Amino acid sequence: MANVAKLRERARVLEQKDQWKEALDVYLQVVEEAPEEVEVGLWNRIGDLHIRLGQADRAVEAYDRAVDAYAEAGLHNNAIALCRKILRIAPARASVYLKLGQISAAHGFLADARQNFLEYAQRMQRAGQLDASFAALEEFADLSPDDTEVRVLLAEQLAAHGHADRAVEQLLTLRDHQRSRGDEEGAETTQQRVLALDPHADLSSRRTAVRAGGARPEEEFGYQEGEGQEG
């Protein structure tokens, strides 16, 4: 195996000579031969070189991997900035909004997370990928349980698409949370929504209920290659 440090230095020299393709080939050799030694920003650099070569699609793929690397390293601001960079290049890449939402939530920026989760859900709904849309709304509702509007929106959309039973489960989850924080008026309003959907619904507590849908949404939709793209 070639010495990784020497390969990096060789790539740097090639970049200084504006030999973009040659530098890119060397960086890709590093990735292939020593993946465990890939520094956190290398995929970002690879993406930049693809841009210089007019290879936007390959650049986006590299940037997408860089986002994951930054997020795993806890460099949330870098990951968020790179997501926005991807959207400038490929605005139809809906999966980036989900990543933005998840990263923003992990960093405590719930307002930004909400905006991006909703954008992703809307795009998935327009694309006919309803399960992805529902999963994203549920993920955010679980991340921000005080956000009544999103949980109600999820229940309404589930009911509108023939999933009244799942809508009831979401509303009962909301009702239990409202009760836990002492919002009896809100809990009663939510319970009335449940009965409007299903007059015979089981109104017992859902606090220990298993999450509907099994796997976490991010496992299904968050970081799969090419998932959630439009156009």
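Reader: At roughly what angle do the axes of helix H1 and helix H2 cross?

Author: In this predicted model, helix H1 covers residues 4-16 and helix H2 covers residues 20-33. Their axes come within 8 Å of each other. The crossing angle is roughly 160°.

Reader: Are H1 and H2 roughly parallel or roughly antiparallel?

Author: The axes of H1 and H2 cross at roughly 160°. Angles over 145 degrees count as roughly antiparallel. The angle therefore makes H1, relative to H2, roughly antiparallel.

Reader: Which residues of H2 meet H1, and what is the handedness of the crossing?

Author: On the H1 side, the residues are Val4, Leu7, Arg10, Ala11, Arg12, Leu14 and Glu15. They meet Trp20, Glu22, Ala23, Val26, Tyr27, Gln29, Val30 and Glu33 of H2. As H1 passes H2, the crossing is left-handed.

Reader: Where is Asp18, and what is its phi near?

Author: Asp18 belongs to the loop between H1 and H2. Its phi is positive, in a residue other than glycine. The value is near 60°.

Reader: How many helices and how many strands does the protein chain have?

Author: Read from the N terminus, every element in the run is written as α: α-α-α-α-α-α-α-α-α-α-α-α. The count for the protein chain is twelve helices and zero strands.

Reader: Is Asp64 buried or exposed?

Author: Asp64 lies in helix H4, which covers residues 56-72. Leaving out residues up to four places away in sequence, Asp64 touches Ile86, Arg93 and Lys99. A residue is buried when its relative accessible area is under 20%. The relative accessibility of Asp64 is 8%, so Asp64 counts as buried.

Reader: What distance separates the C-alpha atoms of Asp64 and Gly47?

Author: Asp64 and Gly47 are 17 residues apart along the chain.

Reader: Which residues of H7 make the contact with H6?

Author: H6 contributes Ser95, Tyr97, Leu98, Leu100, Gly101, Gln102, Ser104 and Ala105. The partners in H7 are Leu110, Asp112, Ala113, Asn116, Phe117, Glu119, Tyr120 and Arg123.

Reader: With which residues is Leu110 in contact, leaving aside its neighbours within four places in sequence?

Author: Leu110 has its place in helix H7. Its relative accessible area is 37%, so Leu110 is partly exposed. Its C-alpha is 10.0 Å from that of Asp147, a residue 37 places apart in sequence. Its contacts are Ala105, Phe140 and Ser144.

Reader: Why is H8 described as largely enclosed by the rest of the structure?

Author: Helix H8, residues 130-143, reaches 20 Å from its first C-alpha to its last, close to the 20 Å expected. Its buried residues are Ala132, Ser133, Phe134, Ala135, Ala136, Leu137, Glu138, Glu139, Phe140 and Ala141. H8 is called largely enclosed because the buried share of its 14 residues is ten.

Reader: Which residues of H10 make the contact with H9?

Author: The axes of H9 (residues 148-160) and H10 (residues 164-180) come within 7 Å and cross at roughly 165°. H9 is therefore roughly antiparallel to H10, and the crossing is left-handed. From H9 the contact involves Thr148, Arg151, Val152, Leu154, Ala155, Leu158 and Ala159. From H10 it involves Ala164, Arg166, Ala167, Gln170, Leu171, Thr173, Leu174 and Gln178.

Reader: What percentage of the residues in the protein chain is buried?

Author: The protein chain exposes about 11900 Å², of which carbon and sulfur atoms supply 47%. The chain has 231 residues, and the buried ones make up 42%.

Conventions:
Residues numbered from 1 in each chain as written. Predicted model: local features only at pLDDT ≥ 70, side-chain atom pairs only at ≥ 80, totals over all residues. Heavy atoms only, no water. Helix = DSSP H or I, 4+ residues; strand = E, 2+ residues; numbered from the N terminus. Buried < 20%, exposed > 50% of the residue type's maximum accessible area, 1.4 Å probe, protein only. Areas by Shrake-Rupley, 256 points an atom, 1.4 Å probe, with all protein chains shown as cover. Expected span 1.5 Å × (residues − 1). Contact = heavy atoms within 4.5 Å. Axes fitted to C-alpha atoms, helices over the stretch in contact; angles between N-to-C directions. Parallel < 35°, antiparallel > 145°, perpendicular 65-115°, else oblique. Left-handed = near helix turned anticlockwise from the far one by under 90°.
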